[in-house]
Amino acid sequence: MTEIDIPELALVALVGISGSGKSTFARANFAPTQVLSSDYFRGLIADDENDQSSSADAFDVLHYVAAKRLKAGRLTVVDATNLQSHARAGLVKVAREHDVLPVAVVLDVSESVAWERTQSRPDRTFGKQVLTRMHRDLRRSLGQLAREGFRKVHMLRGAEEIAGATIRYEKLYNDRRELTGPFDIIGDVHGCRAELDLLLEKLGYPAEGVHPEGRTAVFVGDLVDRGPDSPGVLRRVMAMVGAGSAICVPGNHEQKLARKLNGRQVQLTHGLPETLAQLEQEPPEFVQEVRTFIEGLVSHYVLDGGKLVVAHAGLKEEYQGRASGRVRSFALYGETTGETDEYGLPVRYPWARDYRGSAAVVYGHTPTPTPEWINNTICLDTGCVFGGKLTALRWPSRELVSVPAAREYYEPARPLVVARPDTGLDLQDVTGRRHLDYGYGRTTIPAENAAAALEVMSRFALAPETLIWLPPTMAPCSTATVEGYLEHPSTAFADMRSAGAGTVVCEEKHMGSRAVVRISREGSGDAIWTRTGRPFFDAERNAALLTRVRAAAIEAGVLDDGWLLFDTELLPWSAKAGGLIRERYAGVGAAGRAALPAALAVLDRVAARGLDVTALRQRMELRAEEVAGYSAAYRAYVRPTAGLDGVTLAPFAVLAAQGVSHSDKDHGWHLDIADKLVAADPALFTPTRRMVIDLSDPESERAATDWWLELTGAGGEGMVVKPWAGLGATDTRGRLIQPGVKCRGREYLRIIYGPEYTRPEQLERLRARNLGRKRGLALREHGLGLAALDRVAEQAPLWKVHELVFAILAAESEPVDPRL
Amino acid sequence: MLLTVTTTHRPATDLGYLLVKHPDRTHAFDVPTGTAHVLYPEATEDRCTVALLLDVDPQRLGGGRKQQASPDSFTLGQFVNDRPYAASSLLASALAKVFRSALRGESKDRPSLAATPIPLEIHVPVLRCKGDPVALFEPLGWTVTARAIPLDDVPEGHPLAGDSAYVDLNLTGTLRLADALNQLYVLLPVLDDAKHYWVAPDEIDKLLRSGEGWLAAHPLKELIARRYLAHRRAFALTALERLSPDLPPVVMKPRDPSLADLRRDAVLAALASSGASRVLDLGCGGGALLAGLIKDMRYTEIVGTDVSSKALDLAHKRLHLDNVPSRQAGRVTLWQSALTYRDDRLKGFDAAVLMEVIEHLDPARLPALEASVFGHARPTTVVVTTPNAEYNVLYEGLSGMRHSDHRFEWGRSSFAAWTDRICTTYGYNAALSFVGNVDKSVGGSTQMAIFTLPRKDES
């Protein structure tokens, strides 16, 4: 029985004449979806599997499908005769484009067997001379396959061997996902043996043997050249690799050294002469060992279940776990733009800036003063040989450990500069139809919503670095059943009870403008923004406001060295929305208050003439009352302000701080901080009145209802009922529940539903309002926001935070009844 | 939703004959937006007043006003609006329906009175008034009193202080009743400037019918036609031509080139001399520059980008991209793109234009634009134009910036400093110039910078 080895990810080309049993072999050894048969594709194109005139188009589509499969990392088998070099070249090209290995499996049966099979198939009508020609082509092909780029060629001779063959899958050399560490990944050593020993000691590695805690050192390459003791470094690393306490990927310097040792012509520059001179002192057996060691190195590794990739010069996502010349070249040298800088050195393409992969990529190659994470990648070359330091990254803790260089061993060709992490975002991070799995759920953003959000985001919003969160929309409570009310506490409590919240906090709902405030002790990056991410006032007033918030937070003792993100309401409403109130709300009120008395006066005079207009007069009187109620409702939120005088903030949640999301804190904690701010600067901060309710206690509910009636009776907007557990509150199945439902006052709702909405027939109609969509949206935006805070806390790359914040804005383009 | 018409022509109660509504009865008519009541608060020999009171049923109102799209905007207008209170096209429609024969100037009972100018007083207690009612009504022979209605009863300095958009309108004059009613029918919606229904071509006929005898000679007939026809330009032009058929058709006189024309020409000239054939118009808006580029066959690939899909739709329509012959179709492309994000599609072009774009970006976002245009897309030539703030003193009546969306306007030194920074950071060379009239002390109205990448030296 023949076993044939095939890499787990490969493009397998079956090669054989008609009737050689390719399809049978494919069926026996591969899943149907893995096999792309030319017959099948001819059928798709031409409704006839044997229509040779459709071959060109059929192969076009076959290559296209193969490319999609390989891009996704799936083994693909091509069932076609593949007897001509141009046909095979097409397959090799597709494989190379996706950096997978092309493999040929040749099925060689005698012409007579093939002819017998062909004759038994009614759909095959070609003559025997066709088979003879095919057989000739096959003979001619056999010697060429390896030259054409097939990395493995398996020959199966005769029907029996073909039928008995089995496939054995082999892992790629770079696939070491089974190694889970913990690792200590060490940057470019460049012959600095003393520093290496110090670093290894600091990391807990004994002089010989394995780490007592089972840790594995991972070298990112460039062990040699420039430094004082390249042989010493090689000796230590080779010993560790030999002992199983280290793995190592090659750097470009090892690569060049190996070429030199193999007798190839290389330029004696960049510290290679020093290494050669040092190796002169070593016995030839050691040099031979070095050569073997370097030649055995694999250019990159995928480790820890796929979460970690190590390569000398880094590796873009599409190359990870792949094998090709260009993957190796990228891993060793990186990609250059083709330009050279002012020092004559090649300009490197900033692949890390575009990196969007989920695996962390750890690499060296480019010296930098301090390692910095850029889009989940980090360069550990801290220029030890240039007098910098030797650095290790502990994995998975991501802690950096380093030892300084004893001195500058080699003068750098260009000064080490701080690699400023490029925070620029790519349009592809946000546009088009996008699917997001944000941890609390999954969502699809329609392309047109993204398009709308793009305009708002790029024309009006603050910079993405600042805008790390946007407030979610909030659903109202279920429609009230209490006579005369559209919203009432009883349904709000019922909603929360059925969501599984045992204790809730009723917070006064401030009627102003939602404001998100970010402040830090030193004041850099501080900002205040609206619910669509716009700055609030002009720069000067914003700065003044933030200065006061900062001072209060420091005095209240809630702001230490990092930063804080507050969710607040900026009051009064007129401070931000003055124009809107004048133009829309107050205008309607003024028109109504002028028109209705005029109408009543006319009706009175008509009545005085003895005509009956009682019913009409009553309707007009009712309208006048409704307009008065409506006017009183918006007037309550209008107060004169001058500059910042009269502007206040009502904080009600502390969303996050440096390195931590506060979604796990209960509302008692949040409100306690809010109270401290109010105490520190009562002129700036407005307190949030609240009541904590035990939902199993009817008495408690009744008290809260009275409280709500009192609040709204005095012109308040209403209240928000929130699960006491906080922003991250979940139901019994661990799913997020609404972070709050609003319960708005009867009079307040006149400015939403119109002055006359309280008429019984109107209320009846409005009760049919559908809340499902709004609730879904509120929950989705809430989850996206929490996920953004989580990502900020774990210092995720900017694009990962921004895509969520952008998604919140895009969700706001959903058509939802604006009155909800 | 209320207007009254009073006459002192004796016998004043003849008003009832003219309107075909008996003064001693109440009348109610169902109209599409509610119930129209015709009532007489006063009916004597000396003086008779008829009131048209439209009791609007808010349930029957659709979303009449245009809804704005941005999330910050007021989207509740559909539910909270002034239509039940203010005189508007709703009231005008009701007027036309209940006083149909009077509007036509017909009267079975008093035909000669209908043809005679009589003393009239018209009162519209609440009229949403955009513009000057005096200018509209005075030329028709009315004495006009328009009292602005205050927004609220609050002291000076309060956010609700000042006038509302509504006036209490009184007209007195001696006119045919039909003329008076037709004028109200046309001019109430014109002053309100927000029609509650879709304007179809038959509105032109309605306008001409109602305007018979007074509109042709009205000094503001263009404004009236435009607003009455809901700003549909083609309709308004047709109406005006039909209104004065003996006049030669309106010919646009060649006008002096505007600053926008000069700017476009300067940018086109800069592109032409750069030798570019593949060009980007970043922030193309409605496609003013693209139109110029398309005419010039030296440009083999033209891409317009804008962040607003609405602007792109407009450009698509204006450039007739749906009807481009297929051989030409690939030449012009419109993409939505935002200059604060990197966009790989923009790489590899010969030239890019940022015409009056940068000033629409908050200064804090400019570095992102710079990185994406000069750092990432990196065309060989970049042409930038932006206003010269120093020149603003020469614009009479301009206080602040030239456009409400401008986030900044730079003087000459700020622009020069910015171009210097671009050159240093991204390795471009820049040449600065002005577009338009150049003043000795403050420079030109528009500043232009042409950035070029130095050619790779052959070494």
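Axes are lines fitted to C-alpha atoms, for helices over the stretch in contact, and the angles between them run from 0 to 180 degrees between N-to-C directions. The legends below describe a predicted model.

**View 1. Two helices of chain B, α7(B) and α9(B), cross with their axes within 10 Å of each other.** Helix α7 covers residues 202–210 of chain B and helix α9 covers residues 233–243 of chain B, and their axes cross at roughly 35°. The crossing of α7(B) and α9(B) has the right-handed sense. From α7(B), the residues I204(B), L207(B) and L208(B) meet F235(B), T238(B), A239(B), R242(B) and L243(B) of α9(B). Sorted by class, the residues in the contact of α7(B) with α9(B) comprise six nonpolar, one polar and one charged.

**View 2. Seven strands of chain B make an open sheet with antiparallel pairing.** The strand order is β2-β3-β4-β1-β5-β7-β6 (chain B), and its edges are formed by β2 (27–31) and β6 of chain B, each of which pairs on one side only. With direction ignored, neighbouring strands of this sheet are turned by 15° against each other on average. Nine bridges connect β5(B) with β7(B) in the antiparallel sense, and in β7(B) the residue opposite H123(B) is N170(B). Helix α6, which spans residues 177–192 of chain B, lies across β1, β5 and β7 of chain B and runs at about 15° to β5(B).

**View 3. Strand β1(B) is shown with its partners β4(B) and β5(B).** Because five of the six residues of β1(B) are buried, this strand is largely enclosed by the rest of the structure; a residue counts as buried here if 20 or more other C-beta atoms lie within 10 Å of its own. The strand β1(B) runs antiparallel to β4(B), to which six bridges join it, and β1(B) also runs antiparallel to β5(B), with four bridges between them. T4(B) has A51(B) as its bridge partner in β4(B), while in β5(B) T4(B) stands opposite H123(B).

**View 4. Five strands of chain A make an open sheet with mixed pairing.** The order of the strands is β11-β10-β9-β18-β19 (chain A), and the edge strands, each pairing on one side only, are β11 (246–248) and β19 (399–404) of chain A. From one strand to the next the twist averages 20°. Strand β10, residues 216–219 of chain A, pairs with β11(A) in the parallel sense over three bridges, and A217(A) stands opposite A246(A) in β11(A). Helix α8 (residues 193–202) of chain A packs on the sheet, where it touches β9 (183–186), β18 (389–395) and β19 of chain A, and its direction makes about 140° with that of β19(A). Helix α9 (residues 230–243) of chain A, in turn, lies across β10 and β11 of chain A and runs at about 115° to β11(A).

**View 5. The contact between the two chains draws 56 residues from chain B and 45 residues from chain A.** On the side of chain B that touches chain A, the elements giving two or more residues are β1 (2–7), β3 (34–43), β4 (48–56), β5 (118–128), β6 (143–150), β7 (163–175) and α14 (366–377) of chain B. The largest share of that side, six residues, comes from β3(B). By class, the side of chain B that touches chain A holds 31 nonpolar, 16 polar and nine charged residues.

**View 6. The whole of chain B has 15 helices and 14 strands.** The radius of gyration of chain B is 29 Å, well over the 23 Å that the globule rule gives for 459 residues, so chain B is more spread out than a compact globule. Along the principal axes, the C-alpha trace of chain B spans about 105 × 55 × 45 Å. Of the 459 residues of chain B, 44% count as buried. Among the contacts in chain B with a separation of 6 or more, 69% are between residues 24 or more positions apart.

**View 7. M1(A) lies in the segment before β1 (3–7) of chain A.** This residue, M1(A), is exposed, with 7 other C-beta atoms within 10 Å. Leaving aside residues up to four places away in sequence, M1(A) touches G164(A) and T166(A). The C-alpha atoms of M1(A) and K742(A), which are 741 residues apart along the chain, are separated by 73 Å.

Key
Residues numbered from 1 in each chain as written. Chains lettered and ligands numbered in written order. Predicted model: local features only at pLDDT ≥ 70, side-chain atom pairs only at ≥ 80, totals over all residues. Pairing = 2+ DSSP bridges. Contact = placed C-beta atoms within 7 Å. Left-handed = near helix turned anticlockwise from the far one by under 90°. Nonpolar A, V, L, I, M, F, W, Y, C, P; charged D, E, K, R; others polar. Rg over C-alpha atoms; globule rule 2.2 N^0.38 Å. Buried ≥ 20, exposed ≤ 12 C-beta atoms within 10 Å, placed from the backbone.
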